[in-house]
Amino acid sequence: MTRVRGFPLAVWEFVVGDDWRTAIGVALALALTALVAAAGVSAWWVMPLAVFALLALSLRRAMRGVSRRG
Amino acid sequence: MSGAEIGLALSVFLACTVEAVEALTIVLAVGTTRSWSSALSGVGAATLALAAIVAALGPALTSLPIDVLRVIVGGLLLIFGLQWLRKAILRAAGLKAKHDEQQIYEDEATAARAAGTKPSGFDGYAFTIAFKGVLLEGLEVAFIVLTFGANQHRVALAAAAAGFAVLVVVGAGVAARTPLAKVPENTMKFVVGVMLSSFGMFWGAEGAGASWPGGDAALLAIIPGVLIVAVAMARILTRTVHAAPLEQVPTTPADPAGQAPVSA
């Protein structure tokens, strides 16, 4: 039973890693791209903006972690 | 070979080289201190397991509709790529300890010596540590081979690039007989992070219904664009760290984001 519960957890940890907020952000950015594209508007710009913002936010969170420990 | 295929082969080769260097350190440590035959048996078993994963999941992925496949692959590559990139930027800024293969080798060797007396025949400790090391380091490469390969229907090319990287690293390891401490791992991880994020962004957006200006040629702008932004972020972070009051800068670089399940 523990193994049954452990497998999805291991998959989650392998795929999502240590920053679940970035993973959620990527999913939301893809959804927003699909919505904008479905509305008939050019949607290619959504992903670059989202990716750079997600990277910057992820680094900011990491910096805060260091400051707290320092 | 198209530009996208060259990008595929280069990304897989670099990712696999980095992971193979890390796996080699573990295998060298248990092989030297415990048993070469048991350690190599562990390597063989892990390699078979990885090949089985690629062989089983490859056809399943390639059978998905192209847009669904691109959204899934793009999303996963982005999640992985951003993790590689974030860690590489933190290492470049001195906020995360760089991989020290010599130190890791010595730690593994000490643990192997402390693990009790060596049996005369099969050594379960050496087998298990080598198996786990190769499987865990290889799992991420298998994932990259599958996603990149499936999306372009070139799983064989991706697998060949990974195999070539393993041959290069093993050849260098056999020649040096020591951990490959001089490989510029962080630079390679930085490049892999840029490639995974760029291709993830490109395919993810296409799968979601967006059209890139210039089609595939957009990658020629996306990859340098991601590289420039990532380098700029590393520089800003480095400057921020140097400008911070002394009490806020860690004296021992540590993993500020916690223990990562992936070894990027």
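Where is the kink in H5(B) centred?

What we have here is a predicted model, in which local features need pLDDT of at least 70, side-chain atom pairs count only at pLDDT 80 or more, and totals for chains, interfaces and linings use all residues. Residues are numbered from 1 along each chain as its sequence is written, while chains are lettered from A and ligands numbered from 1 in the order in which they are written.

Let's start with chain B as a whole. Chain B has eight helices and zero strands, where helices (H or I, at least four residues) and strands (E, at least two) are DSSP runs numbered from the N terminus. The C-alpha atoms fill a box of roughly 65 × 55 × 30 Å along the principal axes. Of the 264 residues in chain B, 49% are buried; buried means 20 or more other C-beta atoms within 10 Å of the residue's own, exposed means 12 or fewer, and partly exposed is in between, with C-beta atoms placed from the backbone.

Now, back to that helix. H5(B) has a kink of about 30 degrees, centred on Leu139(B); the bend is the angle between axes fitted to the seven residues ending at a position and the seven starting there. Helix H5 of chain B covers residues 124–151, and at 1.5 Å a residue its 28 residues should span 40 Å, which agrees with the 39 Å between its end C-alpha atoms. That expected span is 1.5 Å times one less than the number of residues. H5(B) is largely enclosed by the rest of the structure, because 22 of its 28 residues are buried. After H5(B) comes His153(B), with a positive phi near 55 degrees.

On to the core. The largest nonpolar core has 99 residues, and Val12(B), Val27(B), Ala130(B) and Val145(B) have the most contacts inside it. Such a core is a set of buried Ala, Val, Leu, Ile, Met, Phe, Trp, Tyr and Cys residues joined through C-beta atoms within 7 Å. Helix H1 of chain B (residues 3–33) gives the most to this core, with 17 residues. Beyond its neighbours within four places in sequence, Val12(B) is in contact (C-beta atoms, placed from the backbone, within 7 Å) with residues including Ile144(B), Val145(B) and Phe148(B).

Last stop: Ile228(B), in helix H8 (residues 219–243) of chain B. Is Ile228(B) buried or exposed? Ile228(B) is exposed, because it has 11 other C-beta atoms within 10 Å. Thanks, everyone!

Terms used
Two residues are in contact if their C-beta atoms, placed from the backbone, lie within 7 Å.
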